[in-house]
Each structure stands twice: as structure tokens, then as C-alpha cells.
Amino acid sequence: MKCGRRCDGEYGEVVEPQAFKVRGREVTVPVSLMKCDACGDIMYSPEQMDRAQKAVYAEIRRRENLLAPEEIASLRLCLGLKQEEFERLLGLGPKTVVRWESGRVFQSKAADALMRLVQADRANAVRLADWNGITLPYNPPLRRTLGRRSRSAP
Ligand SMILES: [Zn+2]
């Protein structure tokens, strides 16, 4: 593709570290983008922009040790809860979980810690369900099930 910024260059795809600012954080990650070989002007295709944003968000999560969107979704599904029910379990406002699971919004450190407590021990989910007035679908704790089996084994 021709550059056109009063320049005879051509855009070509390159992978380069780029600095991004997201919600008060500065992150530099290697991303794929289009760069003019003469003037150095850069631009992103929609797919490159999307991939760059994912890389930036993943880097921020890695740096701040936050659960990934897929981890949040899998925790919720393990509890057998819909997004609205998971919001009520954690005492969150509407649409919070859908935003976290889409990866466009970061959970707070406090919310992340709460989810990790639920992930570490289902008893914490049971307590939260009790406090926030929701019913968890029945799902026997794995350890107790295994214990019963080993006791009844010959
Ligand atoms: Zn150019």
C-alpha cells in the first residue's frame, strides 16, 4: 500500500515494540503494524488494532497478577452460575462480569482477590451465596466425595 503522506514510501507489515497508555498504565509490547518504509508513519489494520489491544491487556493482567477473562468465565461456570448470578454472589453491579469476561475492563484488586478466594475454596462461595441471598447449584465438594469413596473401599 502506498504511503501518500507526500511520500513515495510503501507500507509494509512489521513487528515492533510500541508504547500504549491504558487507564493510567503505560505498557510496551511487541505488536504487528503497518509502517511506511520511507517516512516511518505507522498505522494499524482493524485486526492488528484488535490483536494489539489484546496483547496490551494481557500484559497488564500478567504484570498485576489479575485473573484472565477466560479464568473468570471458567470459575463462574464451575459454580454453575449465570453472569447476573455471579455478580450477585460477589456483590457487584449489573454488567460487571460481562465486561470482565469480554476482557475490555479490568477487575479491581479487591474483586480479583475475592474471586481467588472463591476459586481456592468452594466454602467461600457458599458463604458469599448465603450473605448475598443466592442459591448455588448443588455440586458436591470433590474432596469429600473422594473421601467417602476411599472409606467405603474394601
Ligand atoms: Zn511515508
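User: What makes the 3 strands an open sheet, and in what order do they come?

Analyst: In this predicted model, local features need pLDDT of at least 70 and side-chain atom pairs count only at pLDDT 80 or more, while totals for chains, interfaces and linings use all residues. Residues are numbered from 1 along each chain as its sequence is written. The strands (DSSP runs of E, at least two residues, numbered from the N terminus) have the order β1-β2-β3 with antiparallel pairing. The edge strands, β1 (11-22) and β3 (42-43), each pair on one side only.

User: Where does helix α1 lie, and what does its angle to β2 refer to?

Analyst: Helix α1 (residues 46-64) lies across β1 and β2 and runs at about 160° to β2. Axes are lines fitted to C-alpha atoms, for helices over the stretch in contact, and angles run from 0 to 180 degrees between N-to-C directions. Contact here means C-beta atoms, placed from the backbone, within 7 Å. A helix is a DSSP run of H or I with at least four residues.

User: Why is Glu71 called partly exposed?

Analyst: A residue is buried if 20 or more other C-beta atoms lie within 10 Å of its own, exposed if 12 or fewer, and partly exposed in between, with C-beta atoms placed from the backbone. Glu71 has 15 C-beta neighbours inside 10 Å and therefore counts as partly exposed. Glu71 is found in helix α2 (residues 69-78).

User: Which residues of α2 are buried, and what puts them on the same side?

Analyst: Pro69, Ile72 and Arg76 are buried in α2. They cover an arc of only 65° around the axis, so they are on the same side of α2; the arc is that of the directions from the helix axis to the C-beta atoms. An α-helix has 3.6 residues a turn, so residues three or four places apart point the same way. On the other side of α2, Glu70 and Leu77 are exposed.

User: What do the buried residues of α2 pack against?

Analyst: The buried residues of α2 pack against α3 (83-90), α4 (96-102) and α5 (109-120).

Conventions:
Pairing = 2+ DSSP bridges. Contact = placed C-beta atoms within 7 Å.
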